[in-house]
Structure formats: structure tokens, C-alpha cells
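Please open the model in a viewer and keep the sequence panel beside it.

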Amino acid sequence: MSKKSRTTLGVFGIILGIIWLFPFYLILTNSFKTPKGIFASVLSLPVHSTTDNYVNSFKALDFMASLTHSLIITVASVIVIILGASMGAYALQRNKSKLSGGLLMLFISAMLIPFQSVMIPLTANFGSVHFLNMWGLVVMYLGFDCSLSIFLYQGTLSSIPLAMDEAAEMEGASRWQIFYKVIFPMLSPMTVTVAILNIIAIWNDYLLPSLVLPQTQYTIPLQMFNFFGQYTKQWHLALAGITISILPVILFYLIAQKWIIKGVTDGAVK
Amino acid sequence: MMKNRSLSFWLFLTPTLVALALVVFIPVLEGLFYSFTDWDGLTYTKMVGFQNYIQLFHDKAFINAFWFTVGFVIVTVILLNVIGLGLALLVTQKFKGSNFLRTVFFMPNMIGGLILGFIWQFIFTQGFSALGTALHMSWLQDWLTDATTGFWGLVIVTVWQMSGYIMIIYIAYLQNIPNEVIEAAEIDGASAWQRFTKITFPMIAPAFTVCMFLTLSNGFKIYDQNLSLTNGGPYHSTQMLAMDIVNTAYNSSNFALSEAKAMIFFLIVAAISLLQVFYNRKREVDL
């Protein structure tokens, strides 16, 4: 490519990038304005900038509590999914019978079922045994998200030779030890992918937790929805709330970008 | 090897099999059963045959949601693939800042649909009208107050959110094209357009299939953006399928009808996925 066309492309790319970031610019700048300031001009930089919006929405969102709930639920679910799915995939991959093929098909076919088709009986059942809370939610995430994770682990496992298992077995390792000490560490690249995909999905999920969690265990998206309902048209507060609540995800993205891109690619392409 | 009858085989599978049964298979079978009853969410008094299914075809909200969703899916599948591929081609060229642009384009994908909808509610209602006043463009005023701007609002949010995701997938395939092939074509005097249509495009055809179906099934399942951007309004005119099913249950308390709608929804989503499996098999045979 010539130098000139490279510059043209660069300029075009920068313009496109600015358009892409423009929504973030509007949210961020207006979150520092007073209601009057937003009314006077949405597009300009704040004239009398204020941080009151942040103080107030931080309180109204009960942000530390909802952040804690989001963290507990996401971390617990992801750990449970990683353990459950890698164990399940290992059993299925190291058993070449028709039964194991059938079970794999069962997991994969579950991915076809949309959430709306199960949501009412699911919440009714969990409700009848008083499990409509964080821990019930973790079980639900294991059920919904294990299929894709098993499928991904299954692919990686097929490239780990059986000789690995056999060598460990000769040395007297139990099945659990073989899995835990030999196989699981070899799966770590895929574990990163599984973790990333599930972190993004669970952290941002709204509908399922809104049907399951009591108000005392609200996550960030749930609290945001409530908050938005209360402060309709009070954009100065709403925008500060939005900024606070997307901050953790943006930070996570900027820190773990390399793994996130790889994880998302693996999840879609494999 | 693990035998079918070995204890460890079943122990290893217990957590996921139990969760899958509790969370997916038992509820879906119950739901299927209830869709043939007069279930009110707690109890049912009798079987009603296909009555709920007949009713849903006369349900204006459902029919409207269906066509709205179909239109939305057609438009977003085209736009997402064109823009996603365009972005992928752009950032795989070697110029300063191309890596940074990749980061930028993918960023919206990290944010959940619910918050994205709120962000864009501000952009459409406040930002657009300010721009419209500044540029004297009246079509930028009053967004989200009717079905048309609501439709395009949802399209814009989805494109902004998902283009970066589609871009990432196209990039993965673009990077698999050996450089020598492109260089050889360049030496043979192929123009940039010829290189794209004769080499690049055929070689990323599998990516096209992946992205087609991803955007297709995601489009049908969208809920969060719909809820936070328009909440289906005004007057249910921008309500999509997933939202209609949720509202039939939790707003109208018509649980049996909601289950019947959800089963039809299941058939649509499953048909798309099975079509993809079939198509992929066929392509693999052709190669």
C-alpha cells in the first residue's frame, strides 16, 4: 500500500473511531453538568462542572452493595461453571460410547431452547423450594451456560492424548487426581476463554436475575433499572449513574483486552 | 478411558447434568404441558387443547411483535455484516492506530444491553434534538416517540453494540489468509477490488456463515435493549417477540398463552440454529 493511501485510511479510521466514541463523550461530559447546563447545551463541555451528580447517584444506586452482589454472583457462577463443565467434558470426551455421544447431544440441544420458554416454570419451581436468591441464580447459570462451556472444553480435550491419563494411572493416581493434577492444568487456555465469555454474559445479564433476586441482592443492571425508573428525565443523575456502572467493565476491558478478544473469537468460531 | 458403568463417569457429570435438568429440561417440558392448559402461573383447572396456540395467531400484539422482529432482524443482519466486515478490513490494514481502533470498535460489546439502551435513550432524545437544532435538521427531533424512529433507534443501538463483535470474527478469518496469496495476486497485476472479490471474499466465506447465523439468532432473542430503549412503546408498536412473551406473562398474567408463544418462539430460534448446522455440514462436504 502506498504511503498516501495509508494516510487516507488512517484519517478515515480516526473519524470513524470518533463517531464510535461520541456516545461515551456525550454521557461523560453531561454527567458533570447541572440540569440547567444539560438543558442549555447537550453538545458542549460543562461550563459549571459539578461532581454532585456522582455523589448523589452513587448513594441512590447503593453502588457498593450492588457492585458486591454483582461480583459475588459472577465469580461464584464462573467458578462453578468452569469446574462443572471441565469435569463433564472430560467424562464425555474420555468415554467413546453411544451414551456419551447422546449426552453431548443433550447438552448441545439445550442451547437451542430460548430463555423465555423455561422462565415461568423455572422461577415457579425454584420459588417453591425458597431458592429465589443468589445461590439459586448460581445454579441456574450453571444450567444455562454449561452447554457452550462443555462444548468448548470438549474440543480442547480431544487434543490431549490419552497417554497422559494412562501414564498418571500407572503411577497410581485416582480418576479425580488425573483430572485435577494432569488434565485440568492443560486446559487453562480454554479455561480463560470460558471464564471471559461467562463473565461478560453474567455480569451484564438483566432478565433472569430480575426474576430471581430479592431486592436486597440486586446486581448493578437491576439497580440501574430501578434507579432509572425513579429518576426519569433527571438526566444529570441518570448519566452519572450510567458512568459509574459501566466503569468496572471498561476497566476490565482495558486491562484484560488481549484475553477478551481471544476468548470472544474462540467462543464464536469454534 | 471411562466406562459407562464406572462411578467416576457419572460423578464427573453429576453437577452439570443435574443443573441442566433442573434449569432447562424439566421447565421446558412443564412449559410445553402448561401451554395446553388454562394455567395461571400457580394452578390449572383443565386441558384446553390447542386453544392457546389458536389464540396467539389472533393476538395482535404477538403478530405485530413478530413482523417488527422480522424486519429488525433483516435490517440488522445486513448492516452488521457489511459494517462488521468493513471494520475488519479497515483495522487489518497496517496504519498507525489500527490496533487502537480495534479496541474502540469492540468496546460497546462489553456493556450490557440494558445500560446501552439507557445510554442511547439520552443520545436519541437529548443529543439528537440538540444536533437537529444546531444543524437545522428536523428529522433529528422527537426520536423514539413513534414506531419508525423506535425501530431505527433499536437498529442503531444493535449495530453500535455488535459490529465490533462481528468485526472480531471476520478478523480471525482474514488473518488466516496467507500473505503470499495476496502478494502473488498483486504481482500478477490484480487490482484491490479484484483481490477482494476473487481472493479475500471466497476465503472468508465460512466467517460469513458464522456471522450470518450469529446475527440472525441474536436478533430474534433481543430483549434488554428493547426494554431500556423504548420499553416497547409507544403503544406496544416497538415491542419485539421476546418482550411480548415476557409481558404476556408478567404484565397481563396470561401465563398459559405466554408459554404457547414461547414454544412458537422456540421453534423459530431452533429452526435457525438447525439450518446453520445443516448448512455447515453441507459446506464441509462440498469442500
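What percentage of the 287 residues in chain B do buried residues make up? Buried residues account for 43% of them; a residue is buried if 20 or more other C-beta atoms lie within 10 Å of its own, exposed if 12 or fewer, and partly exposed in between, with C-beta atoms placed from the backbone. The model is a predicted one, in which local features need pLDDT of at least 70 and side-chain atom pairs count only at pLDDT 80 or more, while totals for chains, interfaces and linings use all residues. Residues are numbered from 1 along each chain as its sequence is written, and chains are lettered from A and ligands numbered from 1 in the order in which they are written.

**Chain B as a whole**

Chain B has twelve helices and zero strands; helices (H or I, at least four residues) and strands (E, at least two) are DSSP runs, numbered from the N terminus. The C-alpha trace of chain B spans about 75 × 70 × 30 Å along its principal axes. Of the contacts in chain B between residues at least 6 apart in sequence, 70% join residues at least 24 apart; two residues are in contact if their C-beta atoms, placed from the backbone, lie within 7 Å.

**Helices H3 and H9 of chain B**

Next, select residues 60-91 of chain B, helix H3, together with residues 205-221, helix H9. H3(B) and H9(B) pack at an angle of about 145°, and their axes are 9 Å apart. Axes are lines fitted to C-alpha atoms, for helices over the stretch in contact, and angles run from 0 to 180 degrees between N-to-C directions. The crossing of H3(B) and H9(B) is right-handed; a crossing is right-handed if the near helix is turned clockwise from the far one by less than a right angle, and left-handed if anticlockwise. Show side chains at the contact: on H3(B) the residues include B:Phe72, B:Val73 and B:Leu80, and on H9(B) they include B:Met212, B:Leu216 and B:Phe220. The residues of this contact divide into eight nonpolar, six polar and no charged. Here Ala, Val, Leu, Ile, Met, Phe, Trp, Tyr, Cys and Pro count as nonpolar, Asp, Glu, Lys and Arg as charged, and the others, Gly among them, as polar.

The C-alpha atoms of B:Ile268 and B:Ser217 are separated by 9.1 Å, although the two residues are 51 apart along the chain. B:Ile268 is partly exposed, because 15 other C-beta atoms lie within 10 Å.

**Loops of chain B**

Move to the loop between helix H10 (224-229) and helix H11 (241-250) of chain B, where B:Pro234 is found. The peptide bond from B:Gly233 to B:Pro234 is cis, with omega near -5°. B:Asn231 lies in the loop between H10 and H11 of chain B and has a positive phi of about 50°, although it is not a glycine. B:Asn231 counts as partly exposed, because it has 17 C-beta neighbours inside 10 Å.

Then centre on B:Leu144, in the loop between helix H5 (113-135) and helix H6 (147-174) of chain B. Phi of B:Leu144 is near 70°, a positive value in a residue other than glycine. Is B:Leu144 buried or exposed? B:Leu144 is buried, because 21 other C-beta atoms lie within 10 Å.

**Between the chains**

Display both chains. In this model, 69 residues of chain B are in contact with 70 residues of chain A. H1(B) gives the most to the side of chain B that touches chain A, with 15 residues. That side divides into 50 nonpolar, 14 polar and five charged residues.

Apart from its neighbours within four places in sequence, B:Ile115 is in contact with A:Pro221, A:Met224, A:Ile242, A:Ser245 and A:Ile246.
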